[in-house]
Amino acid sequence: MAEAVRSGERLLRRVLEICYAHGQGGMEVEFDNDQAAMRIGLGLAFGSVTASLFASPRQTSHEQAAAIEVSCAAFNLGAGLIDGLCDGTPALGLELLRIFQALDWAGATRDPWSTGRLRSALPAPLAADPTAAFTARIIDTFLVTLHAGYPGDEGAAVRDRIGALSEDALEAERRTVQRSPEFATRDQLIECSRRTSVMPFQIIEQLATGAPAIASPTAGTLLGEAMWRIDDLVDLAQDAGDGALNSVLLDATSKSWSSSAPDGVAALEEVTTSDVIAITAVEAAESLEAGLAAASDGKADSRACQLFLAFVHRYAALAPNT
């Protein structure tokens with residue numbers, strides 16, 4: 001994790017240079033405290049570590065490789081910031097999602113993107129919110145570095161695929177927050193929950209490889225499914241109390257689901273009297289093992305695997321040898 005923190009500090013410096021490229025000379029960016037800056041840096045580092053699992057040697061310039069790394073890092077951080085806003089302040093998160101979804105993603109990935117363009121499109125209430133404004137700057141950085149990593153006509157196909165996947169991921173996130181009657185069966189909700197975790201890994205995999213087609217199930221899909229299950233296990237009690245969407249609770253409950261705390265608590269009681277937690281943990285471990293084995297056709301850098309597992313252990317609060 002010490003290595004990951006150093007990587008995060010390096011990536012954060014680079015991302016802030018891009019985020020505030022048009023700021024005044026000598027401008028400084030401050031976070032609430034050192035812990036907040038470290039969390040942001042680790043969000044960037046995890047995107048970079050994940051990309052290194054998928055990456056295979058390709059004929060790219062040093063500048064392009066550096067841009068792709070930053071693009072993966074910024075995308076992962078941006079996805080986490082959006083998810084955090086939607087969980088913590090759903091009304092604000094939905095409004096930000098609406099702005100992002102209104103973006104012409106086909107045009108954004110086709111034509112050069114300028115720093116600050118998305119941030120300047122925010123309405124005043126969102127622009128005044130520090131987290132929402134910073135999130136927009138991070139997505140701007142993702143798009144700027146996407147074009148730098150896959151420039152011109154030769155990179156257009158990759159950029160098009162990233163744009164289409166990003167649109168799908170935003171829609172999946174919206175559906176988890178703003179549930180509609182026509183999309184509310186248990187299977188639909190579970191699939192929606194799965195997609196919000198899996199699609200970010202698929203996008204990073206596409207960014208890292210640039211491949212026109214990847215054999216299914218891809219390493220990104222498998223790792224995304226592992227993290228989906230781990231995330232829902234970690235958030236089990238919190239989601240139950242908030243009435244938030246959680247696939248483990250949905251799997252366990254025998255009743256119809258609504259976004260209310262009483263339903264969540266009732267589902268949690270069913271979970272604790274069943275073997276669903278153990279079954280879910282086994283599924284997560286198997287997907288994690290399969291995803292790491294499949295990464296880069298089984299030739300993923302061993303150091304990248306160790307770093308990825310260190311993040312998983314830290315997130316799930318597991319001792320490294322557990």
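Colleague: Why is Ala 226 called buried?

Modeller: This is a predicted model, and in it Ala 226 has a relative accessibility of 0%; since buried means under 20% relative accessible area, Ala 226 counts as buried. Ala 226 is found in helix 11, which covers residues 219–234.

Colleague: What does Ala 226 touch, not counting residues up to four places away in sequence?

Modeller: With those residues set aside, Ala 226 touches Ala 284, Ser 287 and Leu 288, where contact means heavy atoms within 4.5 Å. Ala 226 and Arg 194, which are 32 residues apart in sequence, lie 9.9 Å apart in space, C-alpha to C-alpha.

Colleague: What makes Ser 197 a buried residue?

Modeller: Its relative accessible area is 15%, and the cut-off for buried is under 20%, so Ser 197 is buried. Ser 197 is found in helix 10, residues 186–209, and, leaving aside its neighbours within four places in sequence, Ser 197 is in contact with Gly 224 and Trp 228.

Colleague: How do you know that helix 1 and helix 3 are roughly perpendicular to each other?

Modeller: Helix 1, residues 2–19, packs against helix 3 at an angle of about 90°, with their axes 11 Å apart. Angles of 65 to 115 degrees count as roughly perpendicular, and therefore the two helices are described in that way. The contact is made by Arg 10, Leu 11, Arg 14, Val 15 and Ile 18 of helix 1, together with Glu 69, Val 70 and Ala 73 of helix 3. By class, this contact of helix 1 with helix 3 has five nonpolar, no polar and three charged residues.

Colleague: Which residues touch the most other members of the largest nonpolar core?

Modeller: Of the 74 residues in that core, Leu 53, Phe 100, Leu 143, Leu 207 and Phe 308 touch the most other members, while helix 3, residues 62–88, gives the most to this core, with eleven residues. Leaving aside neighbours within four places in sequence, Phe 308 is in contact with several residues, among them Phe 46, Leu 53, Phe 201 and Leu 292. A second, separate core has eight residues, including Leu 236 and Val 276. In soluble globular proteins, nonpolar side chains tend to be buried together.

Colleague: How many helices and strands does the protein have, and what share of its residues is buried?

Modeller: The protein has 16 helices and zero strands, and buried residues make up 46% of its 322 residues.

Technical notes
Residues are numbered from 1 along each chain as its sequence is written. This is a predicted model: local features need pLDDT of at least 70, side-chain atom pairs count only at pLDDT 80 or more; totals for chains, interfaces and linings use all residues. Side-chain values use heavy atoms; hydrogens and water are left out. Helices (H or I, at least four residues) and strands (E, at least two) are DSSP runs, numbered from the N terminus. Buried means under 20% relative accessible area, exposed over 50%, partly exposed in between (1.4 Å probe, protein chains only). A nonpolar core is a set of buried Ala, Val, Leu, Ile, Met, Phe, Trp, Tyr and Cys residues joined through side-chain atoms within 4.5 Å. Axes are lines fitted to C-alpha atoms, for helices over the stretch in contact, and angles run from 0 to 180 degrees between N-to-C directions. Angles under 35 degrees count as roughly parallel, over 145 as roughly antiparallel, 65 to 115 as roughly perpendicular and the rest as oblique. Ala, Val, Leu, Ile, Met, Phe, Trp, Tyr, Cys and Pro count as nonpolar, Asp, Glu, Lys and Arg as charged, and the others, Gly among them, as polar.
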